[in-house]
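Please look through the structure shown below with its strands and its aromatic rings in mind. The paragraphs that follow take these two topics in turn.

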Amino acid sequence: MKEGESTVAGTQPPLLYPYYGSTIRRAPSEPAIHLPETLADVNAPVYGWWPIGETDNDLTRQQSEEPQGQRIIVAGRVVDEDGRPVRDALIEIWQANAAGRYRHVKDAHPAPLDPNFTGAGRTITDADGRYQFTTIKPGAYPWRNHDNAWRPAHIHFSIFGTTFRTRLVTQMYFPDDPLFPYDPMLLSVRDERARARLISRFDLSLTRPEWALGFSWDIVVRGADSTPFEGRE
């Protein structure tokens with residue numbers, strides 16, 4: 001977000017939202033401290049020495065065998081508030097597998113791990129700001145925030161601009177998930193139109209016959225109609 005830029009009330013998740021229990025422990029209780037600019041703010045690509053591999057954006061081809069679950073293609077554009085493409089942005093994603101479990105040592109959900117699914121991928125937007133991933137639709141999972149709490153199926157997105165400090169983090173959801181009304185993390189975005197910007201749409205033109213379902217999801221990095229991002233209040 002540019003200095004001095006404001007957001008419309010209710011369009012971004014607040015840092016403190018008591019119904020989302022973890023925010024009570026991690027939301028800042030003191031005013032922000034302004035840090036002076038350093039070499040980390042140099043206006044140059046931060047990922048130039050990490051080339052994108054052939055299968056980095058295809059999470060179904062990263063192991064010796066195919067992962068379990070429904071193949072999906074997720075694609076869209078990264079744009080600014082005027083609809084101009086954000087080119088050469090590094091997008092990283094991470095997600096649970098089809099059973100709703102992350103490949104992480106702290107995930108104790110008693111669902112099966114898939115040895116052929118890492119749950120992580122990355123790509124770079126093209127000249128039109130477009131990106132595309134092939135992956136597996138993630139499953140819902142319990143998260144112990146409150147009694148009988150389950151997260152809707154979602155994919156985490158991290159978008160890097162030209163420096164590390166331009167990183168934005170958000171989540172993409174799938175249409176018509178029955179868990180939406182029960183998820184405090186999604187409901188922390190109080191503006192209904194802003195919440196809708198987190199939900200992808202089924203796209204038959206992206207769908208590949210006998211192979212994978214397609215979902216479209218565009219990311220707007222700033223402005224009154226921006227995608228809700230974590231930590232931007």
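How many bridges join strand E1 to strand E10 (residues 213–216)? Four bridges join the two strands, which run parallel, and within this pairing Ile72 has Leu213 of E10 as its bridge partner. The model is a predicted one, in which local features need pLDDT of at least 70 and side-chain atom pairs count only at pLDDT 80 or more, while totals for chains, interfaces and linings use all residues. Residues are numbered from 1 along each chain as its sequence is written, and side-chain values use heavy atoms, with hydrogens and water left out.

Strands here are DSSP runs of E with at least two residues, helices are runs of H or I with at least four, and both are numbered from the N terminus; two strands pair if DSSP finds at least two bridges between them. E1 also pairs with strand E4 (residues 130–136), in the antiparallel sense and over seven bridges, and in that pairing Arg77 has Arg130 as its bridge partner. With strand E11 (residues 219–220), E1 pairs in the parallel sense over two bridges, where Val79 stands opposite Val220. Eight of the nine residues of E1 (residues 71–79) are buried, so the strand is largely enclosed by the rest of the structure; buried means under 20% relative accessible area, exposed over 50%, and partly exposed in between, with a 1.4 Å probe and protein chains only.

The aromatic rings form a second topic. The structure holds ten aromatic pairs, where rings of Phe, Tyr and Trp (its six-membered ring) pair if their centres lie within 6.5 Å, and planes under 30 degrees apart count as stacked, over 60 as edge-to-face and the rest as tilted. The pair of Tyr20 and Trp143 is tilted, because the ring centres are 5.4 Å apart and the planes stand at 55°. This pair links distant parts of the chain, with Tyr20 in the segment before helix H1 (22–26) and Trp143, 123 residues apart from it, in the loop between strand E5 (141–142) and strand E6 (150–151). Both Tyr20 and Trp143 are buried.

Tyr173 and Phe180, by contrast, form an edge-to-face pair, at 5.9 Å centre to centre and 85° between the planes. Tyr173 counts as buried at 2% relative accessibility, and Phe180 is buried with a relative accessible area of 14%. Elsewhere, ring pairs link Tyr131, Phe133, Phe157 and Trp217 into a cluster.
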